[in-house]
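Thanks for coming. I will keep this short and start by putting the structure on the screen.

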Amino acid sequence: MTTAAEVLLEARRRSGMTQIEVAEQGCVAVRVISQVERGRRQPSLVTLQRLVAGAGYAVELRLFRPDPRQEQLVGPIGKQLIAQRGEL
């Protein structure tokens, strides 16, 4: 997952919560949850952490040096190759 929308939507789905429930737990309006999940709003990291926590999950950030060979792999086929390399 790479976008705030994907992270929030996955956390909400895993928790089985509605947008209303996550909004109440995260102390935001339901429209904020909807906008983030549709990619129309990009929350700060702190806000995203709070929203995901409202669904009962946590956001973990990772800093790493990417493999320069993988930077050249783009598009759907490149993503498949990267995923397969990670499984080896």
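A word on the model: it is predicted, so local features need pLDDT of at least 70 and side-chain atom pairs count only at pLDDT 80 or more, while totals for chains, interfaces and linings use all residues. Residues are numbered from 1 along each chain as its sequence is written, and side-chain values use heavy atoms, with hydrogens and water left out.

There are two salt bridges, meaning a side-chain nitrogen of Lys or Arg within 4 Å of a carboxyl oxygen of Asp or Glu. One joins Arg 14 to Glu 10, at 2.8 Å from N to O. Both residues are in helix α1, residues 4–15, and sit four residues apart, about one turn of the helix. Helices here are DSSP runs of H or I, at least four residues, numbered from the N terminus.

The other joins Arg 12 to Glu 37, at 2.6 Å from N to O. That pair links distant parts of the chain, 25 residues apart, with Arg 12 in α1 and Glu 37 in helix α3, residues 30–37.

Are the residues of this second pair buried or exposed? Arg 12 is buried at 14% relative accessible area, and Glu 37 is buried at 13%. Buried is under 20%, exposed over 50%, partly exposed in between, with a 1.4 Å probe and protein chains only.

Ala 4, Val 7, Leu 8 and Ala 11 in α1 meet Leu 48, Leu 51 and Val 52 in α4.

Methods. Helices (H or I, at least four residues) and strands (E, at least two) are DSSP runs, numbered from the N terminus. Contact means heavy atoms within 4.5 Å.
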